[in-house]
Amino acid sequence: MISVKIPFNIYFFLVVLFSLSGRSFAQFYTTGQAPASVSWMQIKTEHFQIIYPEGFHEKANKAANLLEYIYDYGTENYRKKPKRISVILYNQSTRANGYVIWAPKRSEWVTTPPQETYVQEWLEQLALHEYRHVVQLENLEQGMTKVLKIIFGEIATGIVAAYLPFWFLEGDAVVNETALSSTGRGRAPDFSLELRALEGEKKIRYSYDQSYLGSYKYFVPDYYKYGYHMVSYAKLKYNPAIWRNTMDKVGRRPYLGTPFYFALRKNGAGSKMQLYHETFDSLNTLWRSETEQASYDTPEYLPVQKTKYFTNYSYVQPTPYGIFAVKTGIDDITRFVYLNNGADTIIHTPGRYSNTPVSAGQKYVVWEENLSDTRWQQKSYSVIKLLELATGYEKQLTRKSRYFSPALSPSDDKVACIKIDKQNRYSIIILDSFNGEIKNEIILPPGIQAYHPAWMNEDSLVYITMQNNSERIEQMSLTSQEKKILFESGLININCLYAKNNMVYFSYDIEMSRNIYVLYINPGTIFRLTNSKYGADYPFVNDNQHMYYSEYTVNGYIPVKIKLDSSKYQRLTAIEKYNYSWAESLSASAGINIQESLMKPVDYDSLKYNRLLHSFNFHSWTPFYFDVNDYISLNPEIYPGITLLSQNKLSTITSSFSYFYSNGTHFIKPKITIERFYPVFEIGALFGSDPDFLYKDNTIPHQNYLSAYYDFTVRCYLPLNLTRNRFVRYFQPGISYGYTNDYYLTLPDSVYKKGYDYLGTSFYFSNILKKSPKDIYPGFGQIVYISIHKPLLDKKYFSPSQLGLVNLYFPGFSGHHSIRIYLAEEKKKIKTSENNEINMFVRRNSLAMPRGYLNSVPYSKLITGSAEYTFPLFYPDWNIGPLVYIKRFHASIFYDAAKVYELSSDQIKKLVSTGFTIASEMHFLRFFIPFTPKITVAYLPKENDITILFGISIETSVF
């Protein structure tokens, strides 16, 4: 056999290549499929292909105009302008997001706008941000990368992109959205408040590795925020073309090993670490000079449960049963709690909730949760849920809805919320809080976006609207539907409304820090109520004398209750708008401002997008063969040959076509996966020169077999997402069939028979409690897997087998400790001849022996179990230069046992091992995906022997 062991550096690149997700560039990376019933249309412009659902032409046409308008300006300081790229618009998901994926090359936009945003239309944000990613990767394709692309296709760009830190990729895109507009995240107070607090309060700055790769003992802001400031600083201080030069170096000379570092040095910025510290030294000086000139509130915080870990308390509201708050942090999953004199009482654990408005009243709490569609990843819902405070009973008020930002009426009998339909049209919905029935729907005029409704009284609502790049607070009577504008803020963001007695309370972004203001409807004056150093948000007033809100500190948002004192109020007219000097400097050289543009829209023609004609999209290839489904193996092999990789733009058909040469034989191996329909179909085959013999006896004559060898498999399964509430649930039943035309020898008649097959059925079910960032394994959950294989053609000579396993997770004796109970059985039905000789072909073992037993014993039946206790040891945040960064050590104590019924005899063996595992989670060479090397010491009491095992696992779902 001809095979090649892959050196570690090449293997490392293959892991990069096939493991990156989220903002990734990986083969077969898919964000999922839209429902099969969707009909697709397309718009073709000079530089873009917009693929969108039928009926969404207006928004698709706008996206096309925006992209063409910024095409030249979005490439500022870069050398190359992108070739045509496809942009796929998904309008059935309620999870606002955008992606650029490079293998196959495409951009995907989820078009439903978020409720938490700044003053810019969502499609404009997506165009500015995602297009910049397209520009970045297009500019990698030069020099050596261009050669690699000829050899490997689009996947080569993904390999080279691994040299680019995520803080640069995202930071540069945030710079673009800020420079080419009047807003952008670079002008949002909440985008920098965490960094300002860290720089202002922490005595020691996080290391570069902590800031980029994270920490388990400290809260670390995401790399978007670090990246924006580092990219901006380098452009403003060193050279406006520094990042173009850096991309040129990385693209042309990836063989340097650290081309990003060499490019920074050549442009005067030193290393990434040096740039990081220079940036925040400069910001520290700027921020301190601004804060030292001001005096701030020193409010008295409400007592909360003591913890040494970062924790946020938001939406603090008094109820008859206690002071309600939403509690989030790095040490636990999101909880609804009562603040009980320093001892938080958990009253509920919500499902997929992401800090959107929560409204508490006298009897209920209402909030929104995102629910996935059972089958289609590109379809989801935003439903309204209600919690009865007296009983703790949770009720889902709406089904398959697209409702956001719920607010309870003063009497608790109605809920107001925002509806966004699939065409991004906005309505205000009034629901019955008892049964969720729609009592009223007010459709808002076209072009108006609405956020955060609040009740003024039983017949009057206030809410935020955005139109023509301006935000305002509006009031509407539910009876007459008469509307009036109470306050227009222009490009300054308003957030988190609360209304009472003709006064509207809201958080406002006019200063460097977000603060809380009050609007007196009559006579229309506005005053600032808080003067926070870093930020104040989530106002609630219960008696016109006291206000609850959350004050940001370096340890998170802390709840505050203050007595309202009008003598301390400051008029809005006396407050100066904060000037974001870095953002203004970036905009000065940008060429355009998309929010001030006089763009003349073009009405592009719409064409049918034929999915059948676009089933195959060959984007990458390799001048060798390896199994793309086995890339995580630590002992991979490659063969001479070629592999072609295809994935269509809607991610409904992925396929690979391979030729390879092994052991003097030529093979062809096609495989196709079809995810367009409700069930998923996988079809694979292997064709070779000659059939093989499962068993061959040279003393028994056999004819010359001339037919070509082939192996055929087909699999059908249903990947069902049943996630509800706080449990992540998946169910996947499947059926498979396989046939090969190999020959096997039958005894005692000594005849070769051709061809054997199997029919397989499987069932997988998991029910896992959501994990906190620090959990190693789930605190509670169940995983069940059952598999049955049966021969169809020759049941006499081939053994059927049955396998079942259960994994059970339970909480341990302390936080982030877990207990795992594992039980499994595999049974192979073995028949024997009259003289008690086995006359069967038996499937290979599927289950592992207890740890420490290095050889797998052939068995007819195996019953095995394990009990394991896992716990964290410590969180060192150690680094050895740029080579290794270690975030966590954890350990497991285990006891394994098995009963083995040997295949070739009646002997039954009992195997037992016990021991421990020590593992560390670390990042090599600042690569974003963590590796977990581990050492296991297993004691075998029956053999009185100790075995030491070394291993490594790779986390591929960190994005």
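Helices H6 and H9 are roughly perpendicular to each other in this predicted model. H6 covers residues 166–179 and H9 covers residues 223–237, and the two pack at an angle of about 70°, with their axes 7 Å apart. That angle falls within the range of 65 to 115 degrees, which is why the pair is described as roughly perpendicular.

From H6, the contact involves Phe-166, Trp-167, Phe-168, Glu-170, Gly-171, Asp-172, Val-174, Val-175 and Thr-178. From H9, the partners are Tyr-223, Tyr-224, Gly-227, Tyr-228, Met-230, Val-231, Ser-232 and Lys-235. By residue class, the contact of H6 with H9 consists of 10 nonpolar, 4 polar and 3 charged residues.

H9 also packs against helix H7, residues 189–201. Here the angle is about 85° and the axes are 10 Å apart, so H7 and H9 are likewise roughly perpendicular to each other. On the H7 side, the contact is made by Asp-190, Phe-191, Ser-192, Glu-194, Leu-195 and Leu-198. On the H9 side, Tyr-224, Lys-225, Tyr-226, Tyr-228 and His-229 take part. The residues of this contact of H7 with H9 divide into 6 nonpolar, 2 polar and 3 charged.

I turn now to the cysteines. How many disulfides does the structure hold? The number is 0. Cys-417 is in no disulfide, and the nearest cysteine sulfur, that of Cys-496, is 16 Å away.

Next, the backbone. The bond that joins Ala-103 and Pro-104 is cis, with omega at about 0°. Pro-104 sits in the loop between strand E5 (97–102) and strand E6 (105–110). The bond from Asn-522 to Pro-523 is also cis, but with omega near 25°. Pro-523 belongs to the loop between strand E25 (515–520) and strand E26 (525–528).

Two residues have a positive phi although neither is a glycine. For Asn-469, phi is about 60°. Asn-469 is located in the loop between strand E20 (460–467) and strand E21 (470–477). Is Asn-469 buried or exposed? With 16% relative accessibility, Asn-469 counts as buried. Arg-926 likewise has a positive phi of about 60°. Arg-926 lies in the loop between strand E47 (908–924) and strand E48 (931–940), and with a relative accessible area of 13% this arginine is buried.

Which side chain makes a polar contact with the side chain of Ser-866? The partner is Arg-851, at 3.2 Å. Not counting residues up to four places away in sequence, Ser-866 touches Arg-820, Ile-821, Tyr-822, Arg-851, Tyr-895 and Asp-896.

Two loop residues complete the survey. Pro-679 lies between strand E35 (665–674) and strand E36 (680–688). Pro-679 counts as partly exposed, at 23% relative accessibility. Apart from neighbours within four places in sequence, Pro-679 is in contact with Ile-674, Cys-716, Tyr-717 and Leu-718. Pro-679 and Trp-122 are 557 residues apart in sequence, and their C-alpha atoms are 33 Å apart in space.

Tyr-777 occupies the loop between strand E40 (751–769) and strand E41 (781–790). Tyr-777 has a relative accessible area of 29% and is therefore partly exposed. Its contacts, again not counting residues up to four places away in sequence, are Lys-771, Tyr-809, Ser-818 and Thr-870. From Tyr-777 to Pro-559 the separation is 218 residues in sequence and 31 Å in space, C-alpha to C-alpha.

Methods: Residues numbered from 1 in each chain as written. Predicted model: local features only at pLDDT ≥ 70, side-chain atom pairs only at ≥ 80, totals over all residues. Heavy atoms only, no water. Axes fitted to C-alpha atoms, helices over the stretch in contact; angles between N-to-C directions. Helix = DSSP H or I, 4+ residues; strand = E, 2+ residues; numbered from the N terminus. Parallel < 35°, antiparallel > 145°, perpendicular 65-115°, else oblique. Contact = heavy atoms within 4.5 Å. Nonpolar A, V, L, I, M, F, W, Y, C, P; charged D, E, K, R; others polar. Polar contact = N/O pair within 3.5 Å; in protein donor to acceptor, adjacent residues only side chain to side chain. Buried < 20%, exposed > 50% of the residue type's maximum accessible area, 1.4 Å probe, protein only. Disulfide = S-S within 2.5 Å.
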